[in-house]
There are 4 protein chains.
Amino acid sequence: MGAKETVEITGHLMDSGILSRILDDIRDYGGDYVIEQFDVGHEAQDPSSARIAIEAADEGALQRLLMRLQTRGVNQVALGDAAVASADRDGVLPDGFYSTTNLETQVRLDGTWHEVENPEMDCGLVVSSSAEGAPRVRTVPMSDVRAGMRIVVGASGIRVSVPSADSAADPFAQLPSDSSERPQAVLVRQVADTMRQVRAAGKRLLWVAGPGVVHTGATPAMVALIRAGFVDALFAGNALATHDIESALYGTSLGIDMNMGQGVEHGHEHHVRALNTIRKAGSIRHAVADGTLTSGIMHALVTEERPYVLVGSVRDDGPLPDVHTDVIEGQRAMRAQLHDVGYCLMMATQLHSVATGNILPASVPLVCVDINPSTVTKLADRGTSQGRGIVTDVGLFLEQLALELVPDHRRY
Amino acid sequence: MGAKETVEITGHLMDSGILSRILDDIRDYGGDYVIEQFDVGHEAQDPSSARIAIEAADEGALQRLLMRLQTRGVNQVALGDAAVASADRDGVLPDGFYSTTNLETQVRLDGTWHEVENPEMDCGLVVSSSAEGAPRVRTVPMSDVRAGMRIVVGASGIRVSVPSADSAADPFAQLPSDSSERPQAVLVRQVADTMRQVRAAGKRLLWVAGPGVVHTGATPAMVALIRAGFVDALFAGNALATHDIESALYGTSLGIDMNMGQGVEHGHEHHVRALNTIRKAGSIRHAVADGTLTSGIMHALVTEERPYVLVGSVRDDGPLPDVHTDVIEGQRAMRAQLHDVGYCLMMATQLHSVATGNILPASVPLVCVDINPSTVTKLADRGTSQGRGIVTDVGLFLEQLALELVPDHRRY
Amino acid sequence: MGAKETVEITGHLMDSGILSRILDDIRDYGGDYVIEQFDVGHEAQDPSSARIAIEAADEGALQRLLMRLQTRGVNQVALGDAAVASADRDGVLPDGFYSTTNLETQVRLDGTWHEVENPEMDCGLVVSSSAEGAPRVRTVPMSDVRAGMRIVVGASGIRVSVPSADSAADPFAQLPSDSSERPQAVLVRQVADTMRQVRAAGKRLLWVAGPGVVHTGATPAMVALIRAGFVDALFAGNALATHDIESALYGTSLGIDMNMGQGVEHGHEHHVRALNTIRKAGSIRHAVADGTLTSGIMHALVTEERPYVLVGSVRDDGPLPDVHTDVIEGQRAMRAQLHDVGYCLMMATQLHSVATGNILPASVPLVCVDINPSTVTKLADRGTSQGRGIVTDVGLFLEQLALELVPDHRRY
Amino acid sequence: MGAKETVEITGHLMDSGILSRILDDIRDYGGDYVIEQFDVGHEAQDPSSARIAIEAADEGALQRLLMRLQTRGVNQVALGDAAVASADRDGVLPDGFYSTTNLETQVRLDGTWHEVENPEMDCGLVVSSSAEGAPRVRTVPMSDVRAGMRIVVGASGIRVSVPSADSAADPFAQLPSDSSERPQAVLVRQVADTMRQVRAAGKRLLWVAGPGVVHTGATPAMVALIRAGFVDALFAGNALATHDIESALYGTSLGIDMNMGQGVEHGHEHHVRALNTIRKAGSIRHAVADGTLTSGIMHALVTEERPYVLVGSVRDDGPLPDVHTDVIEGQRAMRAQLHDVGYCLMMATQLHSVATGNILPASVPLVCVDINPSTVTKLADRGTSQGRGIVTDVGLFLEQLALELVPDHRRY
């Protein structure tokens, strides 16, 4: 082995099992290590810190291992300046590009640290100049790279910060990730409390929802939450919006939808007809404006002027005119809604929840509610980020949440 | 092929897909058939009827096919008297014994039809005489057979009746069996309505519950339902009662249980200590009487004088002194509580729900609530019987059910 | 009620439970019915037929109910000509458009029946003229409608044919849809036999696969099947191709992927680097040509000149340059590969399997293999179509399938 | 807070995340702590050790916390002698009894350490004298306590040892517990290698199996493994044995069983008749001896003279005469088969796998194979013990395992 580096990490290393994951990573990348120093807090609430000497086969392997470790919050001790290279072509990062984490990140250029403006994982870091000539560093997804962009390469000169595990701020701090056998009523209240706090702090509440919200009969609860100001933006797919609109347009068809579940989405003419109706109107907003659409979740979002981003998938039919059929365009539209988000609520959709988790900074706490434990596990288990999962029925959960936050919600 | 017989069936044959199952059965048993007559009701609500000529390889195969078909409600056209043979030894039925269904059944002896007193599937039929010398026919499980008992053999002289699909009486008549994507609030109300009707009709409400009821925080809701008279008997295992009692005894330990779920039942000293405490008291009733146990589900059952049957399993430790460690004894204790049951509610336990389903007559409607779809499918799909399933969170479901039936329940 | 129509259906009505579904549909759409005639075959293998008088609230409701019933194979008795209307605008079907099934369909124009060229469900039917001036009818998805197209409206003049339930051709005819507890080795052999028959008949084998194929170690089996000519086209997403290429490029990283499963797709730098490498090469084909990519599933497809269609989703990063980022474009590319498909094998992906199921004619038998029962249920339960499901481990299944079809496959 | 104690633990504390669980336990029991010393190995393979000062509200709470921590391998630093008290009555442990772990345990009496003969969790420790007058300590389940037994109370004078994480001995050391997306063929080979090693070391192979083994068609594979000497004992329930025997007795009925799965166990006359047949023979062994039973798993066990323990459950009917209907008696019969077990293979049964896991020492490695992830998680996640899980199809897994261990197995 030739290439070496010394790294350090500070935090609640043992409580969180993070050190165990770090050592696994080193082994998985074929590296070796010596723990040079380990300081453990004496009291329960003290943070601990470790300094670890790492060795890898060659410089390339070492740099990639260092990037991997930064996803855990591990920084190099000796931090020089970051290296930068130019992108040769559109859509392609330079060789050896720094692959980002979703943690708060700083980049050292000319001896000065610069905050990355919009942390997002699996991106490159592009260095540019502000109007005043000051250096700016922001993440760029691979597909948005343009030739000539100056991109950070290697892992030097970069440091990340793990969100402080402030248990007061995290209502679930004491709870393990799988919660199918925990007192659900308590969880509902904790989510409601966090929502109130986030709103009081002037932050936005981002929702991600699947068609199960409609199928389980939670439409009235969702409408109440929207009207009462607890939904600042909604990410979803064609299915949620189509089922919601179909229920609104074909009162008599409601029973069918409800009885049959998602499996009959196709081969069932009501939903195609609902799609055609909105396509004819031109958009959901137009359908509200011209009186075609008069109730439901999408109607509430339009009338309350809350933004929504609908992104298509290969299984859609129609789709609704509001749907981004290009998924990369859809991701861009989602990124444009992430500003000031203080809490993210993911309801009964694996596809859109994972997509949102991919672009969300680790500093935004999230809660994932699904009756399927595997969806919850995927979202809640995101390393250093603040994801929590609740395995329960989304219909009953939203009903209880609305009772908690909008006690008179049944009049909506 | 040699042995032949003609059978008939009447009912909503096409609505229910029952005819398809009958023809499958004939094929599976290696038989052949000709549909001799098929009368279909003209109007939607008319019953239809079919007459089918069946052929099998030999008389033994035919008799067994006829018994199989009776589980679907199919009777022979030419009904002579039933044949009877004596049991040679304890615990063993005579060769060719009639294997029962859970349908209402009549047996013809000396030209007269006699109602089977306690329909239960997979049993024998024992013929005896009443005090007045009149013939009586009742089911007998294999392990309760005693030498000398007179047991019905073959399928002659027996007819069964399928419960009338009276959709007014069946709140779920319009719903398919898997309901994870149906409006849950509607389902809660329908279950509540059925409970009120059954109670008003003077019938008993039988509950079957697993430890998930405690883990999901539904103890207050269950206690409220017990106190308000909506639980006439409870079937459960050692786990439900132990977790309930542990929560009642170790207030501070509640959090642990709740956080960890069933997986830590073992290796967790609180529950062993709770078991020892009740064993020391002698029984749950004694622990209530001597002031050791002062709250929870088991306490409510004791103080409200509602019977419970706890049956052990191989994974138990302890167990509680009230638990039947012999499963056959446990089944007998369960059977003793089936009289006048008008509705059976199964909550979050596959083992005890299947066990109860095994001994319950088809005429008793049941609802199975579980977050695990496979449990619900197993219970709800019981051929001609009136099983319905709800895939949801049992904690939130019971909370909503208690709100519906006992609006002021939070004061309990 | 005002509007009435008489319909008929022929087939194995009772075996399949189809009549039960038809009567449910009529009720769900608020209609009423009288069964006017019911002819049942005397022998087991005879088809039966029914004639049903249907009534609905008004003409619009009736037409929609008739379209719904056609998804079950139910046709009108009195078949006039089909009505046609012009599309006013791009992407919008005329009011009252006929919503297609995936069954073989004929349309009557000027007293003559015309076969629909490419059955697909949830589409419109567009009438045009061939080069010789003869009428042609084909399906058109909503988004491909162009102003001026002549589109069929209403349900008159249209008849559909249910695939004949030729049990000799259907290896699973005796098996229910959920197969988690059936002899798996038998199922593997049956799938292999069907593949051989389909190939012998000159038909194509279409595969749909998710990243689980790579994660479960089935890459060598898949490569063997491709090289031996058992894969004529592959539909997948960005994830399958990226994981396959990542494994091929980073031999040492294989362990990581395998250990961690899909959950770590993001936040793991190897896969971003693999994406960037292929983007730099320009395409997967270029990466094979320039020697960058030398093994794996995608490499085998390229070198064996088998077409693949990769369609993106909102959770992708990268994506690979070969991926259709516009899902509607992706659907078009998939449709272009449906010609002469005789069998469709769906492996471990719900998203792409449902998407393929949406565009596949009912006449193409399909098998869906997944460890998740809900995916299998969704695909296998497609009404009149020939879908079958196998709940099993896709890695072991493909290994056994390769052993069956390519006995010396380990040398690939 | 008043009561204090200092504890220590040595091992791979950070790799395993065990320290994090310890600190969670202290909090959950309402205690407090100061980490007094933490020595971390410098090299990757070095063990680390920690010394922690613990405080609890009172002596009782402290003792219980100490017992809880011993399940993690945490011992007291200052180890005096163990305290002993007499049991007052049968079936009841004295107050404050020491609740055991499943780790290797030593008890100090009169200044000398004595090994606990049969580690098992959730038991008491009974002190007696050997024939030579030397003290003996062994575990006693609550229900086997007899008045007058001398039982250890409190946590003093007891130390436990965590199994050394010898990765050479543990084929799965590098694998996380959930393996649904790992290369299954590799896992099969690793299980086979462990079986060969255990047998070579003169240890016994214990199997636990559910009826899914029969339903998935794995009977021939199981029979081959039994005949080749890879099954030293089998634990199961009434269902596995009944389904196996039914298949052996009713060749023609095999198809039914296979098609329908466990759901039709009841209401299906073949299995009741199989039960009656064996009851008539007197036992499975008698049925083999008299020529009634001539093939299948139970037949192979009898003819190869391998012991089996069948324990009943409340859902059984029959049951077979060999079944322990008293679950406590059943547990005793299982314990009698644990001697010299070197490896435990659990196949497709949650009930019997959990029951076996409860009585197995932590030093016996186990593997749990099930298509249901929740069963696997429950068994594999047993704190310090060596449980590993494989989420896969048990039928294909056993077929591959038999191919690996008994290459010519198809001739059996």
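1. Buried area here is the accessible area, taken with a 1.4 Å probe, that two parts lose on being put together, summed over both. The model is a predicted one. On that basis, chain B and chain D bury about 5600 Å² between them, and carbon and sulfur atoms give 53% of this area. The contact involves 61 residues of chain B and 61 residues of chain D. Of the area that chain B buries against chain D, 13% is supplied by B:Arg64, B:Arg273 and B:Val314, which is more than any other three residues give.

2. How are chain B and chain D related to each other? A rotation of 180 degrees, with 0.0 Å of shift along its axis, superposes chain B on chain D with an RMSD of 0.1 Å. The two copies are therefore related as by a two-fold rotation axis. Within chain B, the C-alpha nearest the axis belongs to B:Asp326, at 1.9 Å from it. The interface residues agree: 100% of those in chain B are also interface residues in chain D, so the copies meet through the same surface.

3. In chain D, three strands form an open sheet in the order S7-S6-S11, with antiparallel pairing. Strand S7 (112-115) and strand S11 (158-161) of chain D are the edge strands, each pairing on one side only. On average, neighbouring strands of this sheet are turned by 30 degrees against each other, direction ignored. Strand S6 (residues 104-109) of chain D is joined to S7(D) by four bridges, and these two strands run antiparallel. One residue pair to look at is D:Arg108, which stands opposite D:Trp113 in S7(D).

4. In chain A, helix H1 (residues 18-28) has eight of its eleven residues buried, so the helix is largely enclosed by the rest of the structure. The buried residues of H1(A) are A:Ile18, A:Leu19, A:Ser20, A:Ile22, A:Leu23, A:Asp25, A:Ile26 and A:Asp28. Please note that this list includes A:Ser20, A:Asp25 and A:Asp28. After H1(A) comes A:Gly30, with a positive phi near 75 degrees.

5. A:Val84 is part of strand S5 (residues 83-86) of chain A. Is this residue buried, partly exposed or exposed? Its relative accessibility is 30%, so A:Val84 counts as partly exposed. Leaving aside residues up to four places away in sequence, A:Val84 touches A:Leu109, A:Val127, A:Arg150, A:Ile151, A:Val152 and A:Val153. By contrast, A:Asp39 lies 45 residues from A:Val84 along the chain, and the two C-alpha atoms are separated by 35 Å.

6. How many disulfides does the structure hold? Over all chains the count is zero. B:Cys123 is in no disulfide, and the nearest cysteine sulfur, that of B:Cys344, is 17 Å away. B:Cys123 counts as buried because its relative accessibility is 1%. B:Cys368 is in no disulfide either: its nearest cysteine sulfur is also that of B:Cys344, at 9.1 Å. A relative accessible area of 1% makes B:Cys368 buried. The cut-off for a disulfide is a pair of cysteine sulfur atoms within 2.5 Å.

7. Some backbone geometry deserves a check. Most residues other than glycine have a negative phi, and most peptide bonds are trans. The peptide bond from A:Gly318 to A:Pro319 is cis, with omega near -10 degrees. A:Pro319 is placed in the loop between strand S14 (308-310) and helix H11 (327-335) of chain A. In chain C, a cis peptide bond joins C:Gly318 and C:Pro319, where omega is about -5 degrees. C:Pro319 sits in the loop between strand S14 (308-310) and helix H11 (327-335) of chain C.

8. The remaining points concern positive phi. B:Ala348 is not a glycine, yet its phi is positive, about 60 degrees. B:Ala348 lies in the loop between strand S15 (341-347) and helix H12 (350-359) of chain B. D:Ala348, not a glycine either, has a positive phi of about 60 degrees. The loop that holds D:Ala348 runs between strand S15 (341-347) and helix H12 (350-359) of chain D. With a relative accessible area of 22%, D:Ala348 is partly exposed.

Notes. Residues are numbered from 1 along each chain as its sequence is written. Chains are lettered from A and ligands numbered from 1 in the order in which they are written. This is a predicted model: local features need pLDDT of at least 70, side-chain atom pairs count only at pLDDT 80 or more; totals for chains, interfaces and linings use all residues. Side-chain values use heavy atoms; hydrogens and water are left out. Two strands pair if DSSP finds at least two bridges between them. Axes are lines fitted to C-alpha atoms, for helices over the stretch in contact, and angles run from 0 to 180 degrees between N-to-C directions. Buried means under 20% relative accessible area, exposed over 50%, partly exposed in between (1.4 Å probe, protein chains only). Contact means heavy atoms within 4.5 Å. Copies are superposed by least squares on the C-alpha atoms of residues with pLDDT of at least 70 in both.
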